[in-house]
Amino acid sequence: MTIQLLSEGAYRSYLEPLPDAGIEASHRARVWFGDGPLHEAYVKLYPETNHGLVNEITGHLLAASLGLRVPERAAVIFVPKRSVPDLPAWAQALPGHSIPGWCTLDMMAPSLHFPLSTETHGRLGLRPFLLEELRQADEVARIIAFDDWIANVDRHLGNLLRVGKRRYLLIDHGQIFGGTGWSAATLLGTNIPYRNDLSDALAPESQTPGYRARLAQEARDNHGPALTRARASLLDWWMKLLDEPQRAAAAKFLDDRTHESQICERYQMLPL
Ligand SMILES: Nc1ncnc2c1ncn2[C@@H]1O[C@H](COP(=O)(O)OP(=O)(O)O)[C@@H](O)[C@H]1O
Ligand SMILES: [Mg+2]
């Protein structure tokens, strides 16, 4: 799984803003990924003052390396400023004609946010049905363990698309490493516990000794090898977007959190 780097010419047309577009000017656009037809895609612009873009890239590459489902195409795309209506002030102030944005293919699947959050659907019984499905899905335990590893503090149910029965797809890794505002200093304590929204949504079942043992097993079996497989691509992007102390801190953070001692501490397990 690679992340493409697309030039301004690949950004064909702006379609519409997302309902809560925010300072990232999130929107849908038509994009040419370099082969085949034009595609509809989601695009968001992260200010250079935070690590949102590098977080998206890192989370996407690691998820793919673990074999978790992510959008089939992902890219950093140079978005022409003139194409985006209501461009936020921070973006207008940047020099140049275009701004790098995070772009993923529209996977045309609903996120779990709506069915799990509205009263109407609650009354229809969809909420308990979907929560039970999430609790039982093996894939969900893998996702919770993944988010614990990368310190993703934003896996609310809007960042999980349901692509079929017990089949989910991960989007939005803007807030890994504890959030967009991380620095080499905030990653120093590599064994700090972080909030995990998906685990919280499935509590108390997600916190039983049995479930914790499953999470620990997943971390032990898969995180180290996934990091090894993704390392070259990660470094490639990190060289473009991070300075040396940041790269070293990010690498150590991810690496330390795959170690047996940290996994045991994280899941309150006795060492093997
Ligand atoms: N690749 C995608 N395929 C389908 N839907 C998507 C995709 N990316 C984003 N979305 C939809 O857009 C919403 C917002 O996108 P997201 O990346 O989570 O941005 P934000 O940072 O605003 O939360 C998601 O909750 C989801 O419904
Ligand atoms: Mg989101």
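How are α1 and α6 oriented to each other: parallel, antiparallel, perpendicular or oblique? Keep in mind as you look that this is a predicted model. Find helix α1, residues 52-66, and helix α6, residues 138-150. Their axes come within 11 Å and cross at roughly 140°. Angles over 145 degrees would count as roughly antiparallel, and α1 and α6 are therefore oblique to each other. As for handedness, α1 and α6 make a right-handed crossing.

Now look at who touches whom. On the α1 side you'll find Gly-59, Leu-62, Ala-63 and Leu-66, and they meet Arg-142, Phe-146, Trp-149 and Ile-150 of α6. Sorted by class, this contact of α1 with α6 has six nonpolar residues, one polar and one charged. The spacing of contacts along a helix is worth a thought here: an α-helix has 3.6 residues a turn, so residues three or four places apart point the same way.

Carry on past α6 and you come to Ala-151, which sits in the loop between α6 and β7 (160-164). Ala-151 isn't a glycine, yet its phi is positive, at about 55°.

Pro-204 lies in the loop between α7 (197-201) and α8. The peptide bond from Ala-203 to Pro-204 is cis, with omega near 5°.

Helix α8 covers residues 209-241, and a straight helix of 33 residues would span 48 Å. Have a look at Arg-231, where α8 bends by about 55°.

Helix α9 runs over residues 244-256, and the axes of α8 and α9 come within 11 Å, crossing at roughly 160°. That makes α8 roughly antiparallel to α9. The crossing of α8 past α9 is right-handed.

By class, the contact of α8 with α9 divides into seven nonpolar residues, one polar and three charged.

Technical notes
Residues are numbered from 1 along each chain as its sequence is written. Chains are lettered from A and ligands numbered from 1 in the order in which they are written. This is a predicted model: local features need pLDDT of at least 70, side-chain atom pairs count only at pLDDT 80 or more; totals for chains, interfaces and linings use all residues. Side-chain values use heavy atoms; hydrogens and water are left out. Helices (H or I, at least four residues) and strands (E, at least two) are DSSP runs, numbered from the N terminus. The expected span of a helix is 1.5 Å times one less than its number of residues. The bend at a residue is the angle between axes fitted to the seven residues ending there and the seven starting there. Axes are lines fitted to C-alpha atoms, for helices over the stretch in contact, and angles run from 0 to 180 degrees between N-to-C directions. Angles under 35 degrees count as roughly parallel, over 145 as roughly antiparallel, 65 to 115 as roughly perpendicular and the rest as oblique. A crossing is left-handed if the near helix is turned anticlockwise from the far one by less than a right angle, and right-handed if clockwise. Ala, Val, Leu, Ile, Met, Phe, Trp, Tyr, Cys and Pro count as nonpolar, Asp, Glu, Lys and Arg as charged, and the others, Gly among them, as polar. Contact means heavy atoms within 4.5 Å.
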